[in-house]
Amino acid sequence: MIKTFIAIVIVIVLAVGGWLVFGSKNSNPNPSTGSGNNNSSQSNTTNSNQAAEGKINIHNMMFTPSQITIAKGGSVTWTNNDSITHTVVDDLSNVGGPNSGDIAPGQSYSFTFEKTGSFQYHCSIHPSMRGTIVVK
Ligand SMILES: [Cu+2]
């Protein structure tokens, strides 16, 4: 009787083990499908030029590129590659947009955009220097 019982237990263990393997095989395609969906949404994000982060080069008295689109919650980093000091100041300076203060040559300034919208900014030292950050 004891041997029979042990044999039954072994069969049950094997069956459960097999079910776990079978179950894990079954559950694998679902996460794959899920990540496939994630991949396609990432592709859509790339196609619409929405990046989590943006980089803007300050050079020759210009912000390059002058307009970028980022995703909400993304940050933008301006790097001053000019030989003179510049700033990055939101045109509407009271809405919580970027306000860098002086960015010395070789220095960078980062700002995280938590709200959607179109943020136009300029250099307070050289008002002709202008740029736009679109946050979607
Ligand atoms: Cu400037």
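Asn-60 sits in the loop between S1 and S2, where helices (H or I, at least four residues) and strands (E, at least two) are DSSP runs numbered from the N terminus. This is a predicted model, so to speak: local features need pLDDT of at least 70, side-chain atom pairs count only at pLDDT 80 or more, and totals for chains, interfaces and linings use all residues. Residue numbers start from 1 along each chain as its sequence is written. Overall, the chain has 2 helices and 7 strands, in the order α-α-β-β-β-β-β-β-β along the sequence.

- Asn-60 isn't a glycine, yet its phi is positive, at about 55 degrees.
- Met-61 is partly exposed, as it has 13 C-beta neighbours inside 10 Å.
- The peptide bond joining Thr-64 and Pro-65 is cis, with omega at about -5 degrees; Pro-65 belongs to the loop between strand S2 (62-64) and S3.

**Strand pairing**

- S1 and S3 pair in the parallel sense over 7 bridges, pairing being called when DSSP finds at least two bridges between two strands.
- In S3, Val-76 is the residue opposite Gly-54.
- S3 and S7 run parallel and are joined by 4 bridges, with Thr-69 opposite Val-134 in S7.
- S3 and S5 are antiparallel, with 5 bridges, and Trp-78 stands opposite Tyr-109 in S5.

**The core**

- The largest nonpolar core has 18 residues, and those touching the most other members are Ile-56, Ile-70, Val-76, Trp-78, Val-88, Phe-113 and Ile-133; such a core is a set of buried Ala, Val, Leu, Ile, Met, Phe, Trp, Tyr and Cys residues joined through C-beta atoms within 7 Å.
- At least two core residues come from each of S1 (51-59), S3 (67-80), S5 (108-112), S6 (117-122) and S7 (130-135).
- S3 gives the largest share, 4 residues.
- Leaving out residues up to four places away in sequence, Phe-113 touches Ile-70, Lys-72, Gly-74, Val-76, Phe-119, Ile-133 and Val-135.

**Whole chain**

- Buried residues account for 19% of the 136 in the chain.
- Of the contacts (C-beta atoms, placed from the backbone, within 7 Å) between residues at least 6 apart in sequence, 44% join residues at least 24 apart.

Notes. Buried ≥ 20, exposed ≤ 12 C-beta atoms within 10 Å, placed from the backbone. Contact = placed C-beta atoms within 7 Å.
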